[in-house]
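Have your viewer ready and follow along, one selection at a time. Here is the model for our tour.

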Amino acid sequence: MHLGFRSFNNSAINNLIINHLAIKNLTIDNKQSTINISMKKAYVFPGQGSQFVGMGKDLYEQHEVARQLFEQANEILGFNITEIMFNGTDEELKQTRVTQPAIFLHSVAQAAVAQDFNPDMVAGHSLGEFSALVASKVLSFEDGLRLVYKRAMAMQTACEANPSTMAAILGLDDAKVEEVCASIEGEVVVAANYNCPGQLVISGSNKGIEIACEKMKEAGAKRALPLPVGGAFHSPLMKPAEVELAKAINETTFSQGICPIYQNVDAMPHTDPQEIKQNLISQLTAPVRWTQSVQQMVADGATHFVECGPGKVLQGLVKKIERTAEVSSVA
């Protein structure tokens with residue numbers, strides 16, 4: 001769950017020029033000096049919360065490749081998801097069984113028709129990690145969509161079994177948020193999404209989140225906003241969904257991708273299919289370390305972040321994390 005609270009994202013990290021330019025080769029001799037500067041491009045894929053009515057319709061109408069993916073998705077899912085995406089209501093699009101595959105489908109289709117899609121690295125925010133894995137050739141489109149739908153239904157079941165929620169904490173240091181969460185006894189409350197400095201989403205039981213919001217405001221948070229979500233995503237309360245998804249992931253073929261993927265659970269680059277599988281399983285109950293992922297990608301040479309999928313939320317988050325980064329939507 002990522003949020004677009006532009007007016008509250010007012011922290012910044014160290015903006016070192018060495019993180020902006022990766023100088024790969026420096027050769028100096030008596031005859032000439034050669035500096036080869038490599039600026040790496042990272043493609044990033046959004047998660048739940050980026051959906052909107054009409055999403056993907058332009059891709060469907062303008063690109064045959066995208067149209068084939070949309071039609072294939074309808075067959076795999078067993079219902080007409082394109083009709084809901086193009087002409088449905090906000091309420092229909094918010095259904096978990098629709099939201100997650102819709103965002104995945106839009107993102108993957110956009111990558112499929114992108115000009116010069118040749119990423120040096122990829123990353124996805126929560127659900128977006130599946131889109132990133134398909135775009136970078138680790139997963140097939142069919143397998144990726146099936147896993148996303150399995151994930152959505154497993155999460156919905158876990159939410160119904162354990163009523164729970166999430167809240168956005170704005171204007172408080174990550175360490176303080178973590179401290180407050182740890183101080184609440186008898187309830188599940190954890191840091192769930194490290195979106196950018198000054199914006200951290202917490203997840204837990206209904207009572208736990210209610211207590212946490214009050215404590216966060218007492219600790220100096222600018223805002224503590226309960227979110228209209230159906231459950232405590234990226235928390236221990238998603239353990240039943242993790243167990244169910246693990247079986248499906250372990251039965252699915254993961255291949256060597258075309259570039260590293262920076263995964264949510266540890267914010268580090270991965271290329272080994274087995275490591276990627278385990279991290280994807282752990283993701284449901286672990287926090288999304290988006291701030292740390294962007295910081296690591298910058299440290300590894302990323303200077304241009306291209307958002308591939310609906311909306312521009314991730315572009316805003318990236319700029320809050322690294323002001324010198326160039327951001328854009330996929331062309």
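Start with the aromatic rings: the count comes to six aromatic pairs. Rings of Phe, Tyr and Trp (its six-membered ring) pair if their centres lie within 6.5 Å; planes under 30 degrees apart count as stacked, over 60 as edge-to-face and the rest as tilted. Select Phe79 and Tyr149 to see a tilted pair, 6.2 Å centre to centre with 45 degrees between the planes. This pair links distant parts of the chain, 70 residues apart: Phe79 is in the loop between helix 2 (64-77) and helix 3 (81-87), and Tyr149 is in helix 7 (residues 141-161). Helices (H or I, at least four residues) and strands (E, at least two) are DSSP runs, numbered from the N terminus.

Before you go on, note that this is a predicted model, in which local features need pLDDT of at least 70 and side-chain atom pairs count only at pLDDT 80 or more, while totals for chains, interfaces and linings use all residues. Residues are numbered from 1 along each chain as its sequence is written, and side-chain values use heavy atoms, leaving out hydrogens and water.

(Buried means under 20% relative accessible area, exposed over 50%, partly exposed in between, with a 1.4 Å probe and protein chains only.)

Another example is Arg67, whose charged end sits over the ring of Tyr60, 5.9 Å from its centre. Tyr60 also belongs to a cluster, linked by ring pairs to Phe70 and Phe86.

Next, pick Val98 in helix 5 (residues 96-113). Val98 is buried, at 0% relative accessibility. Beyond neighbours within four places in sequence, Val98 is in contact (heavy atoms within 4.5 Å) with Phe79, Ile81, Ile84, Glu92 and Leu93.

Four strands form an open sheet in the order 6-7-5-8, with antiparallel pairing; strands pair if DSSP finds at least two bridges between them. Its edges are strand 6 (189-196) and strand 8 (223-226). Strand 6 pairs with strand 7 (residues 199-205) over six bridges; find Val189 and its bridge partner Gly204.

Conventions:
A charge sits over a ring if NZ of Lys or CZ of Arg is within 6 Å of the ring centre and within 35 degrees of the ring normal.
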